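Please consider the structure below with attention to its surface, its charged pairs and its paired strands. The paragraphs that follow take these topics in turn.

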Amino acid sequence: MSALRSALRHNGLTLFFGVLFVVTLVGQALTGLAYFNEEQRGAGLEPVTLGQYLTSSVFAVDVTENWQSEYLQFLLFILATVWLVQKGSPESKKLEDVGRESDEEQHVAEHATESSPAWARVRGWRLSVFSHSLSLVMGGLFLLSWLAQSITGTTAYNESQLRDRQDPVTWAEYLALPEFWNRTFQNWQSEFLAVASMVVLAIYLRERGSPESKPVGTSHDATGVEG
Amino acid sequence: MTATGRAAAGALAVLALVSACSASPDASAAAEAASALVEAVASSDGAAACTLLAPAAVQALESEFSAACEEAVLEPEVADEIEDAAGGGSRGAQAFGRQAQVRLEGDTVFLTLSGETWLVTAAGCTPRTDQPYECAIEGG
């Protein structure tokens, strides 16, 4: 029992957001179904079941357009913070640490410690891949989600076109339509606003105990300090 | 979220994509339904034609001609637009989600899924530039 409690405590952050993800995805599915069926009935068409809605492109495009923008946000944040800094922000590294940093600072190859991951200990392709693995996975998930958005978006758009007695389009044609880019940009802009707000607000504001904030008494000028 | 969590989310994205693709409806069944409607109208079988129409299309026909669907669907201004396509065969059918479009020789037909069955929402349709098709039967 104490082992379970310990596992829950050690993984609380992941579990909390994992549960929130599932609950809100269910909420999106149920409200999306209600909205879709409202439109179906309005057009004199048959409502669909939850199972049919969950496997529809209409649901898939609404999900994936949000996912791709989240992965893009984290990908750009991870990469931009290597080279760009913000004085006073705990989201930024120290002003003098700009760049990839030395092997010693990164604890790789001959500077690795006993607890360093295996791929960080020896020079070669494994170290190169592992040194960028976070960006590679985030970038891959972004591209995959964006591709999924474009494919399911084409089907959802065409379903709407046919309902309105208009011709469907190909995937390539859909990529050039305002519909695709509007869905994309409306998600991107909100992500970038959120990151910029976090970087700037965290210079002057605090949340005691949060590693996303500087310690309450730390000066506004202190950069790269987390609570 | 951890890398594991993100990998799981990525796997879900793939699942969503796969499920969306696997749910692709059968366009050839839609083509068969469209051809059956044309043949029924061409052979003046109004009752058979009406069983292939979506409820909203039946309602629209009955309201426009103030007659039962079986008679309304054989009115010259409807039947003439549709029976031209008889015997011409399908030039292509596409289905997306719960909607389909079938191009016949001289006609375009729009359909919707009702359960597992395709029903016609619009027939006798001609394209218009930058506007929806103009259809002899239109509802739903």
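In this predicted model, L54(A) is partly exposed, because its relative accessible area is 35%, a value between the limits of 20% for buried and 50% for exposed residues. L54(A) is located in helix α3 of chain A. Together with V22(A), V26(A), L30(A) and L50(A), L54(A) makes up a nonpolar patch on the surface, and the accessible area of these residues together is about 390 Å². Two helices of chain A, α2 (12-42) and α3 (50-54), each contribute at least two residues to the nonpolar patch. Helix α2(A) provides the largest share, namely 3 residues.

The charged side chains come next. Over all chains, a search of the whole structure finds 11 salt bridges. One of them joins D62(A) to R183(A), with the closest N and O atoms 3.1 Å apart. This pair connects distant parts of the chain, since D62(A) belongs to helix α4 (residues 57-83) of chain A and R183(A) to helix α9 (residues 178-204) of chain A, with 121 residues separating the two positions. Are these two partners buried or exposed? D62(A) is partly exposed, because its relative accessible area is 26%, whereas R183(A) is buried, with a relative accessible area of 18%.

R183(A) also forms a salt bridge with E65(A), and here the closest N and O atoms are 2.6 Å apart. Because R183(A) lies in helix α9 of chain A and E65(A) in helix α4 of chain A, this pair ties together parts that are 118 residues apart in sequence. Both partners, R183(A) and E65(A), are buried. The salt bridges around these residues form a network that links D62(A), E65(A), E179(A) and R183(A).

R91(B) is partly exposed, with a relative accessible area of 49%. E105(B) is likewise partly exposed, at 40%.

Which strand runs antiparallel to β2(B), and how many bridges join the two? The partner is β3(B), and 6 bridges join the pair. Within this pairing, V102(B) stands opposite V109(B) in β3(B). β2(B) and β3(B) form a hairpin with 2 residues between the strands, and in the turn G106(B) has a positive phi of about 85°.

β3(B) is also joined by 6 bridges to strand β4 (residues 117-128) of chain B, again in an antiparallel arrangement. Here T112(B) stands opposite L119(B) in β4(B). The hairpin of β3(B) and β4(B) has 2 residues between its strands, and G115(B) in this hairpin takes a positive phi near 65°. Why can β3(B) be described as largely enclosed by the rest of the structure? The description holds because 7 of the 8 residues of β3(B) are buried. In a regular strand, side chains alternate between the two faces of the sheet.

Key: Residues are numbered from 1 along each chain as its sequence is written. Chains are lettered from A and ligands numbered from 1 in the order in which they are written. This is a predicted model: local features need pLDDT of at least 70, side-chain atom pairs count only at pLDDT 80 or more; totals for chains, interfaces and linings use all residues. Side-chain values use heavy atoms; hydrogens and water are left out. Patches are made of residues with over 30% relative accessible area and no salt bridge: like charges are joined within 9 Å, nonpolar side chains (Val, Leu, Ile, Met, Phe, Trp, Tyr) within 5 Å. Accessible areas come from the Shrake-Rupley method with a 1.4 Å probe; for residues, only the protein chains shown count as cover. A salt bridge is a side-chain nitrogen of Lys or Arg within 4 Å of a carboxyl oxygen of Asp or Glu. Helices (H or I, at least four residues) and strands (E, at least two) are DSSP runs, numbered from the N terminus. Buried means under 20% relative accessible area, exposed over 50%, partly exposed in between (1.4 Å probe, protein chains only). Two strands pair if DSSP finds at least two bridges between them.
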